[in-house]
Amino acid sequence: MVQEKIRFQPFSGEPIRLVDEQGHWIASFEHGLPPEQLRRFYRDMLAARILDEKLVILIRTGKTSFIAPHAGHEGAQIGIAQALRRGHDWLFPYYRDMGLMLAMGLPLVEIFGQTLGNAADPAKGRQMPSHPGSKKLNVFTVCSAIASHIPPAAGAAISMKLRGSGQVTVCTFGDGATSEGDWHAGINFAAVQEAPAVFVCENNRYAISVNISKQTASENIAVKAHAYGIPGYHVDGLDVLASYFVMQEAIERARAGHGACLVELVVNRFGAHSSADDDSRYRSREELTAERQHDPLVRYQRFLEKQGLWDANWANELKLEISKELEAALQEALQAGEPNPLEMFDDVFAARPWHLEEQRQLVAEELR
Amino acid sequence: MPTMTMIQAINSALDEEMSRDERVMLLGEDVGKRGGVFLATEGLQQKYGPDRVMDSPLSEAAILGAAVGLAAHGMRPVAEIQFADYVFPGIDQLFSQAAKLRYRSGGQFTAPMVVRMPTGGGVKGGHHHSQSPEAHFAHTGGLKVVVVSTPYDTKGLLKAAIRNDDPVVFMEPKRLYRAVKEEVPSDDFLIPIGKAAIRREGNDITLVSYGGPMIETLKAAGEMVGAGVDPEVIDLRTVMPWDKEAVLGSVAKTGRLLMISEAPRMASIASEVTATVSEELFDQLLAPPLRVTGFDTPYPLAQDKLYMPTVTRILNAAKRVLDY
């Protein structure tokens with residue numbers, strides 16, 4: 001796509017917002033999106049929300065060991081997925097991106113396989129849940145180590161530039177990641193090389209329990225871009241259309257050879273940090289209740305209603321359809337069974353050296 | 001056949017691999033215009049341009065992390081860490097990303113990259129220009145570790161490392177960069193990773209070493225020959241995975257092992273090799289395997305030479321093994 005005009009200015013004081021709380025389109029330009037695409041955004045957001053609820057059930061029923069809830073991030077995540085060229089551009093996600101994975105088109109059975117850590121996981125059950133990846137879709141496998149994927153994202157973007165591949169790297173992370181040294185190292189290198197990388201902070205204002213006020217003295221995350229000589233966009237990430245349009249401009253700007261940038265999508269975290277966390281220890285229920293009043297899904301529903309694109313029947317049917325689809329995929333994943341235990345010794349290297357062969361033999365004999 | 005120092009062999013290997021495969025690129029601090037602080041990459045930026053010989057910001061995390069992304073996306077990056085002692089700010093990139101990428105993705109993504117680094121003591125470098133951190137890398141599943149000792153091996157192993165599909169830490173004892181010249185073929189040749197070299201055949205005792213102390217080990221072997229002892233000398237060349245077959249084969253013959261390394265003793269490659277020999281050849285050993293190693297102190301400046309295995313220390317330990 002050739003970039004027609006610049007719509008967004010970096011370093012805006014107020015977050016960039018295109019749809020207000022009541023669902024009014026408040027931008028100075030026409031969105032120009034066809035009804036089917038507008039409805040697709042809703043479908044993906046709804047699917048992400050239902051997936052989140054389903055993952056919570058899997059935890060409560062003891063079928064999985066860990067989840068990082070993404071409810072409240074749907075607007076940001078669906079905006080990102082819709083803005084990049086899926087299967088062409090590369091995505092370097094973090095662990096609270098299961099909604100984004102779904103919108104990227106990762107097969108549902110793989111998503112549940114990864115969550116269950118069983119043979120339906122293309123990564124062979126090697127990592128904790130919420131750590132998927134897909135070579136086929138250019139989704140770099142999630143690594144737990146916070147911000148450790150930022151320098152690799154910079155490297156991939158540098159490779160794209162050197163090889164003239166016409167691709168863009170999109171790299172997501174939470175607000176806590178911005179305090180890590182590797183965050184600085186990666187963004188700085190990408191900026192120096194003018195590499196096509198879009199770094200995206202899904203800022204939910206909490207790194208587990210630590211509030212953003214204890215994370216940074218900066219007025220927001222986007223302003224940090226200034227120090228690297230790249231644009232920083234401060235965006236209302238509860239607004240899926242703002243997330244989409246800013247991401248699209250950022251991505252196409254990078255693709256056109258104008259280098260890296262930073263996008264901050266301010267979101268809410270409706271759940272705890274993870275299934276291993278109790279957020280009532282550090283976040284008042286009043287605060288959470290107030291946050292829940294700002295639901296990206298509800299705001300977008302209001303917008304669609306005003307466009308004559310939403311009614312309760314359609315939404316209920318959609319909900320039913322998505323729920324069925326997810327349930328079918330979950331059941332299929334549940335049938336996959338445990339991975340072969342001896343696969344534990346595969347993929348350390350391209351071929352097994354003698355010491356891993358010996359260790360594999362030991363386990364093989366134990367299991368015989 | 002041309003003669004080369006180790007540093008020339010590195011330059012020659014990089015040059016040949018870059019001209020053979022346009023995916024091969026170099027990145028690191030001062031590798032471009034300056035040609036590296038030891039001049040390993042001298043002239044290569046002029047030849048291949050600033051994109052393929054890339055001066056990076058002063059950040060080991062950026063160098064190693066970017067190498068992971070470059071490799072995952074299809075390049076064959078050769079990263080230079082200016083001194084092995086400075087790899088630590090980038091260690092999360094090596095340990096959490098490079099080493100585990102193939103594993104954590106179930107073989108979907110890989111990081112075929114080489115990380116070159118000058119290593120070891122003997123140049124009056126104090127704590128932070130003298131260490132031998134190979135055990136850290138060997139202890140992390142997913143990394144291969146090469147430590148070279150001759151110009152010939154350096155060229156063949158570096159070329160093999162660049163073509164290897166796994167991340168390879170390639171350690172170059174800096175005190176050997178210009179210590180010796182030897183004949184190195186100017187045509188294409190590879191030395192397999194994981195294969196040791198038998199530097200001298202003998203029957204009385206097996207001396208195993210690698211990297212910098214190969215010099216002292218060979219000197220000690222020479223003195224032993226003068227004293228009527230017939231030592232076998234093995235250069236591991238690769239310490240992860242090390243060549244167990246070669247070492248066990250030799251010790252099965254001699255019944256005696258002395259392992260020499262300048263890295264600290266605790267939890268070291270030397271400990272691993274001697275423990276394995278004890279486990280597997282217990283009833284064939286004529287003496288307990290001994291180790292001569294660096295010490296478990298930070299690397300000292302004033303005692304630079306004393307820290308490393310000396311010929312005397314090697315001979316004394318060999319005598320204990322032989323006289324047991």
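In chain B, helix 8 meets helix 12 through B:Glu216, B:Thr217, B:Lys219, B:Ala220, B:Glu223 and B:Met224 on the helix 8 side and B:Val311, B:Ile314, B:Leu315 and B:Ala318 on the helix 12 side. Contact requires C-beta atoms, placed from the backbone, within 7 Å; helices (H or I, at least four residues) and strands (E, at least two) are DSSP runs numbered from the N terminus. The model is predicted: local features need pLDDT of at least 70, side-chain atom pairs count only at pLDDT 80 or more, and totals for chains, interfaces and linings use all residues. Residues are numbered from 1 along each chain as its sequence is written, while chains are lettered from A and ligands numbered from 1 in the order in which they are written.

**Helix pair in chain B**
- The contact of helix 8 with helix 12 of chain B has six nonpolar, one polar and three charged residues (Ala, Val, Leu, Ile, Met, Phe, Trp, Tyr, Cys and Pro count as nonpolar, Asp, Glu, Lys and Arg as charged, the others, Gly among them, as polar).

**Chain B as a whole**
- Chain B has 12 helices and 14 strands.
- Its C-alpha atoms fill a box of roughly 60 × 45 × 40 Å along the principal axes.
- Of the contacts in chain B with a separation of 6 or more, 80% join residues 24 or more positions apart.

**Contact between chains A and B**
- Chain A gives 36 residues and chain B gives 35 residues.
- Helix 5 of chain A contributes the most to the side of chain A that touches chain B, with 10 residues.
- That side of chain A comprises 21 nonpolar, 10 polar and five charged residues.

Terms used
Two residues are in contact if their C-beta atoms, placed from the backbone, lie within 7 Å.
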